[in-house]
Amino acid sequence: MTELYTMMRYLQTDLLRECGISHFDEWAADFGTVKTDYELKPESDGKYQLKTRFAQFNNLPELMGMFKEAADIRTTDTLDLEKPDAHVHEVVAQPSKIQKRLIKALSKRASKIRDGAVDPKDDNMLCITNDGRKIGLDQRLMQSGCEDNPDSKVNMCVRNVFDIYTKNTDKKSTQMIFCDMSTPKQANRQDRFEIYRPDSKVGFECIRRKVGLGKPGNKSYLGTFDDLKKYVEKNTTDIEDKLQDGDIAVFRVPSEDGKSIESRAAIYMGGKFSEANSEELLEQIFM
């Protein structure tokens, strides 16, 4: 609601003034309904709290009629866009003992914040919500020294991806996985755990490829195989993890028209990458 009011305040100040609306409270009283209801606490401890929020719009036809004087509104039905059919597969991951302990700590932090015992600059509900998401994804995001939980969300996803891979090997199918947390960091921030850089100690092999790290022009940007070579040489300390003859690297990049994702492969030989046989390499590793 606040976004719509802000747009109208920018684009239709005179119209709002003519309607006797000079601030948000007046606008909300005309076009919104406030409702008090129970909702889960942000600290994810399973307890509920009473919260007052906007529940729905009032006088919606009049509101849309006013806003359409400055905006051209298009819905999914009017655009008739082609969309793939989504097949949702929900998997529930049970929390570990460590995750339960960390969640209890969030509850204690939230209580201190409600009591006003903590400066908002030091801790606040937004930080607690973000930390709760980290705990749910992988407990090592909060405490890097924790052991890897074999039944974590990440590991369950890995097993599911591998299962789909083995069932579709003959089709050479491609899977794309998105995660907006614990994303790859710049070279000077490689001292912390991230799910994009799995630990070889827990059964994962060393991953020697990073795609699109940073932005073009930045020193940390990886856009070519030469960038990848420099990155590995700079950030790899163990000899066994350095590039060796026969290593294959793969870049996943958008096509020229931006409508699809394309793969490029190169093999490391004689101190440099060669992508002369990219298609053959991709076939070799089922890409």
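Is E275 buried, exposed or partly exposed, and at what relative accessibility? E275 counts as partly exposed at 37% relative accessibility, where buried means under 20% relative accessible area, exposed over 50% and partly exposed in between, with a 1.4 Å probe and protein chains only.

The model is predicted, so that local features need pLDDT of at least 70 and side-chain atom pairs count only at pLDDT 80 or more, while totals for chains, interfaces and linings use all residues. Residues are numbered from 1 along each chain as its sequence is written, and side-chain values use heavy atoms, with hydrogens and water left out.

**View 1. Salt bridge between E275 and R264.** The closest N and O atoms of E275 and R264 are 3.5 Å apart, a salt bridge being a side-chain nitrogen of Lys or Arg within 4 Å of a carboxyl oxygen of Asp or Glu. Because E275 lies in the loop between strand 5 (272-274) and helix 10 (278-284) whereas R264 lies in strand 4 (residues 261-269), the pair ties together parts that are eleven residues apart in sequence; helices (H or I, at least four residues) and strands (E, at least two) are DSSP runs numbered from the N terminus. R264, at 26% relative accessibility, is partly exposed.

View 2. R133 is partly exposed, with a relative accessible area of 42%, and D180 is exposed, with 61%.

View 3. Q139 is buried, with a relative accessible area of 4%, and a polar atom of its side chain lies 2.9 Å from the backbone oxygen of E147. D148 is also placed in the loop between helix 7 and helix 8; its side chain is joined to that of R140 by a polar contact of 2.9 Å and to that of N155 by a polar contact of 3.1 Å. A polar contact is a pair of N or O atoms within 3.5 Å; within protein, one must be able to donate a hydrogen and the other to accept it, and residues adjacent in sequence count only if both atoms are side-chain atoms.

**View 4. Positive phi at N59 and D80.** N59, a residue other than glycine, has a phi near 50° and lies in the loop between strand 2 (48-57) and helix 4 (60-67), where N59 counts as partly exposed at 43% relative accessibility. D80, likewise not a glycine, has a positive phi of about 55°; D80 lies in the loop between helix 5 (76-79) and helix 6 and is exposed at 65% relative accessibility.

**View 5. Placement of Q12 and its separation from F67.** Q12 lies in the loop between helix 1 (2-11) and helix 2 (13-18) and is buried, with a relative accessible area of 6%. Although Q12 and F67 are 55 residues apart in sequence, their C-alpha atoms are 8.1 Å apart in space.
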